[in-house]
Amino acid sequence: MAAPPPAAAAAGPHSVFVYGTLMAEEVVRVLLGRAPPSSPALLPGHRRFSLRGRVYPAILPAPGYAVSGKVFKGLTDRELHVFDMFEDEYVKKTVDVSLADTLEKSLAYAYIWGNEGDPNLYGEWDYEEWRKVHLKDYLEMTQEFMDEIVQF
């Protein structure tokens, strides 16, 4: 079950920290029809993992680690709902991130892997490698996802 949103973000606009496939603006454009403004960011106290059999990563709380990514800002309630449906294997939580461009701390949602003992977690997921090897097919899958949810 998703954590309740922070009071200031209850009705949007929302901020979301992304650290995997959603760092690709091409994917976000398919999902939202736009690429919202973003800032590079760091999520302390978490670690990014690869998942066996999947092309996307997971993050879990891990003291002494930090995950680099970016924060999309100004998402509407509808856009947040699309992200929630797309990231349905994860638990949405409110986290404190550090914005790399201003060094400010900011609250944002993040999609955290729900199974800390998952035996399929391993190593470090590589964004650049994913872009080279999987982006084209991932964009097709993302478009199919959007075509399906439009039918509901």
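**Entry 1: ground rules**

I am reading a predicted model, in which local features need pLDDT of at least 70, side-chain atom pairs count only at pLDDT 80 or more, and totals for chains, interfaces and linings use all residues. Residues are numbered from 1 along each chain as its sequence is written, and side-chain values use heavy atoms, with hydrogens and water left out.

**Entry 2: the annotated domain**

I looked up the record. UniProt lists residues 16–126 as "domain: Gamma-glutamylcyclotransferase AIG2-like", in an unreviewed entry. UniProt positions are in the numbering used here, feature names are shortened, and annotations may be inferred rather than shown by experiment. I then checked the make-up of that stretch. Residues 16–126 are 16% helix and 50% strand. Their end C-alpha atoms lie 20 Å apart. Helices (H or I, at least four residues) and strands (E, at least two) are DSSP runs, numbered from the N terminus.

**Entry 3: strand pairs**

I went through the strands next. Two strands pair if DSSP finds at least two bridges between them.

I began with strand 3 (residues 58–75). Strand 3 pairs with strand 2 in the antiparallel sense, over eleven bridges. Pro 44 stands opposite Ala 66, and Pro 40 has Lys 70 as its bridge partner. The hairpin of strand 2 and strand 3 has six residues between the strands. In that hairpin, Gly 53 takes a positive phi near 80 degrees.

Strand 1 (residues 14–18) also joins strand 3. That pair is antiparallel, with four bridges. Here I found Phe 17 opposite Val 71.

Leu 42 faces Ser 98 in strand 4. Leu 51 stands opposite Leu 121 in strand 6.

Which residue of strand 5 is the bridge partner of Ser 98? I looked, and it is Lys 105. Nine bridges join strand 4 to strand 5 (residues 105–113), and these two run antiparallel. Their hairpin has five residues between the strands, and Leu 103 there has a positive phi near 65 degrees.

A rule to keep in mind: in a regular strand the side chains alternate between the two faces of the sheet.

Two packed helices are described by the angle between their axes and the distance between the axes. Axes are lines fitted to C-alpha atoms, for helices over the stretch in contact, and angles run from 0 to 180 degrees between N-to-C directions.

Helix 1 (residues 25–32) packs on helix 2 at about 115 degrees, with the axes 10 Å apart. The two helices are therefore roughly perpendicular. Angles under 35 degrees count as roughly parallel, over 145 as roughly antiparallel, 65 to 115 as roughly perpendicular and the rest as oblique.

Which residues make the contact (heavy atoms within 4.5 Å)? Helix 1 gives Val 28, Leu 31 and Leu 32. Helix 2 gives Arg 78, Glu 79, Val 82, Phe 83 and Phe 86. By class, six are nonpolar, none polar and two charged. Ala, Val, Leu, Ile, Met, Phe, Trp, Tyr, Cys and Pro count as nonpolar, Asp, Glu, Lys and Arg as charged, and the others, Gly among them, as polar.

**Entry 4: helix 2 and helix 3**

Helix 2 (residues 77–86) and helix 3 (residues 127–150) also pack at about 115 degrees, with axes 12 Å apart. That makes helix 2 roughly perpendicular to helix 3. Helix 2 contributes Val 82, Met 85 and Phe 86 to the contact. Helix 3 contributes residues including Tyr 138, Met 141 and Ile 149. I noted eight nonpolar residues, one polar and no charged ones.

**Entry 5: helix 1 and helix 3**

Are helix 1 and helix 3 parallel or perpendicular? They pack at about 0 degrees, with axes 9 Å apart. They are therefore roughly parallel. Among the residues in contact are Glu 26 and Val 30 of helix 1, and Trp 130 and Arg 131 of helix 3. The contact residues divide into nine nonpolar, two polar and two charged.

Notes:
Contact = heavy atoms within 4.5 Å.
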